[in-house]
Amino acid sequence: MKRVTVLAGGVGGARFTRGLLAHLALAAPDAAVTVIVNTGDDMWLDGLRICPDLDTVMYTLGGGINEEQGWGRPEESRRASAEIAAYGRGWSWFTLGDLDLATHIVRTDLLRNGSTLSQATEFLCRRWQPGVRLLPMSDQPVETHVCLAENIDEHAAGDYIHFEEWWVRYRARVAITGFEQRGLADAVAAPGVLAAITEADLVVLPPSNPVVSVGTILAVPGVREALRSTSARVVGVSPIIGGAAVRGMADACLHAIGVETSALAVGLHYGTRAAGADGSGGLLDAWLIDETDAAALPALAAAGIRSAAVPLWMTDLPATTAMAAAVLALAAVS
Ligand code: FO1
């Protein structure tokens, strides 16, 4: 198990990868991990380029994350954002802490001076040393927007708002009719992304949001084809436990694309790579679900997806380390 590649969003993907690194340190010390991160949550705010998922992974693996929140820095203050709000600018409901702002300022400085997002990310990681190669899915901007199904505040049904406004300001509780990934048509996979998939021994779809995080990465041209063609085992981890989204509001996203909120439905949504299956162009060799969803094992097997049911609550590092061990075990036998 030399090369492992993870396709991650924010909190769920970061926490899983922390357990993966802990497991590999004992089970495969010479393994190298690449994390391909969703950039669809990125935005321009206060003149700065904000990359929520890249920062969450970088901070989590680099030891700088606010553990309770799962994003941003610990021991934060909000003096600068309060001043921005005093000018009536910015998003009052989206906290840019003083320490976190430094990351956005340095990244924006690098971008304005000609760095690509990949180069800027590599620069920031020199400080944080996440222990993985951290790659944005693309160096071209891709921003997820949602189409509102109802009027809310200054927005009308049919309007598109940035995913982060729907997610943070409205907690995904406002009905939407769907998603739009702006910039996707002009986006290409960032340097190293496709090779990190085709040359891997194992590719993991961690318990990140299957629609707006993993789904956005899968939408980057060439990524699905790379997953279909890689000689690596492709193993996914269910973000749904017992019919409820573990974190965030993944159920609202799944509902918007007509997928039931269950470990089985998400596994079938990703689909099987097994040749001869319904030709769905699926991605999974194997799918890890929680013990409470063990009743789904026969249906997953019938769909050509080898599965196992283990504890998936990412309560602490031992729990995520055990999850990573279960992924590697499933990869070895599937
Ligand atoms: N999430 C929140 O719920 N409230 C916030 O005010 C907030 C600010 C924020 C600032 C920087 C950043 O990198 C992430 C931030 N997040 C916040 C988390 C963010 O919404 C999520 O990390 C992802 O975008 C969804 O997975």
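Guide: Let's begin with a word we will need: two residues are in contact, or touch, when heavy atoms of theirs lie within 4.5 Å. You are looking at a predicted model, where local features need a pLDDT of at least 70 and side-chain atom pairs count only at pLDDT 80 or more, while totals for chains, interfaces and linings use all residues. Residues are numbered from 1 along each chain as its sequence is written, and side-chain values use heavy atoms, leaving out hydrogens and water.

Now to the ligand. Around the ligand there are 13 residues, each with a heavy atom within 4 Å of it. The closest are Asp 41, Pro 52, Thr 95, Glu 164 and Arg 171. By class, this shell holds 6 nonpolar, 5 charged and 2 polar residues. Here Ala, Val, Leu, Ile, Met, Phe, Trp, Tyr, Cys and Pro count as nonpolar, Asp, Glu, Lys and Arg as charged, and the others, Gly among them, as polar.

Some of these neighbours make polar contacts, meaning pairs of N or O atoms within 3.5 Å. A polar side-chain atom of Asp 41 is 3.0 Å from a ligand oxygen, and a polar backbone atom of Thr 95 is 2.8 Å from a ligand oxygen. For Glu 164, an N or O atom of the side chain lies 2.2 Å from an oxygen of the ligand. Taken alone, the ligand exposes 530 Å², and the protein buries 91% of that; such accessible areas come from the Shrake-Rupley method with a 1.4 Å probe.

Where does the ligand lie relative to the domains? Domain 1 (3-139 + 186-333) and domain 2 (145-181) both give residues to the shell, so the ligand lies between them. These bounds come from an automatic or database domain assignment.

The two domains also meet each other: 20 residues of domain 1 are in contact with 14 of domain 2. About 1300 Å² is buried between them, 75% of it from carbon and sulfur atoms. Buried area is the accessible area (1.4 Å probe) that two parts lose on being put together, summed over both. Trp 93, Met 249 and Ala 256 supply 40% of what domain 1 buries against domain 2, more than any other three residues. Leaving aside residues up to four places away in sequence, Ala 256 touches Ile 176, Thr 177 and Phe 179.

Definitions and conventions:
Polar contact = N/O pair within 3.5 Å; in protein donor to acceptor, adjacent residues only side chain to side chain.
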